[in-house]
Amino acid sequence: MKPTIQLLFATAVFLTLTACVAPDDSPPQVFDAPPRLTISTNNIKFTALSPSANWSYEQADGTMQNTVICGDTPLNMQEDLPSFPLHLTDVTAALDFETPPDTIRAVCWSAEHGKDPEAPSIPVFVEDGELLLRRGAYIYEIHAEWTQAEKYGGEASYSFYTTLSKDELVADPLT
């Protein structure tokens, strides 16, 4: 009889504890604009500019809303882009999206090509949320796509500008 009472007591405790846990009935977050991208390296953080996007999201009434934003190319926006100085130790930058995209691609241009629409882009390696940085002054464009979410999705491009920190500039030893 004693094992039966212990089993009933254990079952009652289990049912009481599981009844107190509220199920996660909160609706999934719906982004009505492309998620923000925060970039960080060497204890510097900033939000990248998102000049272009094609975004859809579900409204409260269940209908889908589509927004297209056609911004200028990053090369034409160099003066308006968020920028930060790189240190010689900076090799990568962390890409922290408000919600992770399904795919990320990145390119850059030497800042010398600013405002030159014919300037060739250079592919940039991105893996596990880390962007491989180039030394010096470069304009970067990150292209992200969200295709797996049920209530929102689309694509957006984000841009920023890097320079080599003035205190890291060293005179050319050959001159």
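Predicted model: local features only at pLDDT ≥ 70, side-chain atom pairs only at ≥ 80, totals over all residues.
Setting aside neighbours within four places in sequence, L131 is in contact with V91, T92, A93, L95, A106, V124, F125, V126, Y140, I142 and F160. Together with I142 and Y158, L131 has the most contacts inside the largest nonpolar core, a group of 27 residues. Several strands contribute to this core: β1 (37-41), β3 (49-58), β5 (83-86), β6 (92-97), β7 (103-110), β11 (138-146) and β12 (152-164) each supply at least two of its residues. The largest share, five residues, comes from β11. Another core, of eight residues, lies apart from this one and includes M77, A111, A119 and I139. As a general point, nonpolar side chains in soluble globular proteins tend to be buried together.

The pairing of β11 with other strands can be followed on either hand. With β7, β11 runs antiparallel, and eight bridges join the two. Within this pairing, W109 has I139 of β11 as its bridge partner; I139 is also among the residues of the eight-residue core. With β12, β11 pairs over nine bridges, again in the antiparallel sense. Here H143 stands opposite S157 of β12. A hairpin through five residues joins β11 to β12.

Strand β7 can be examined through one of its residues, S110. The relative accessible area of S110 is 15%, and because the cut-off for a buried residue is under 20%, S110 counts as buried. Apart from neighbours within four places in sequence, S110 is in contact with A137 and Y138.

The cysteines remain to be considered. A disulfide is a covalent bond between the sulfur atoms of two cysteines. The structure holds zero disulfides. C108, in contrast, is buried, with a relative accessibility of 0%.

Definitions and conventions:
Residues numbered from 1 in each chain as written. Heavy atoms only, no water. Core = buried A, V, L, I, M, F, W, Y, C linked by side-chain atoms within 4.5 Å. Buried < 20%, exposed > 50% of the residue type's maximum accessible area, 1.4 Å probe, protein only. Helix = DSSP H or I, 4+ residues; strand = E, 2+ residues; numbered from the N terminus. Contact = heavy atoms within 4.5 Å. Pairing = 2+ DSSP bridges. Disulfide = S-S within 2.5 Å.
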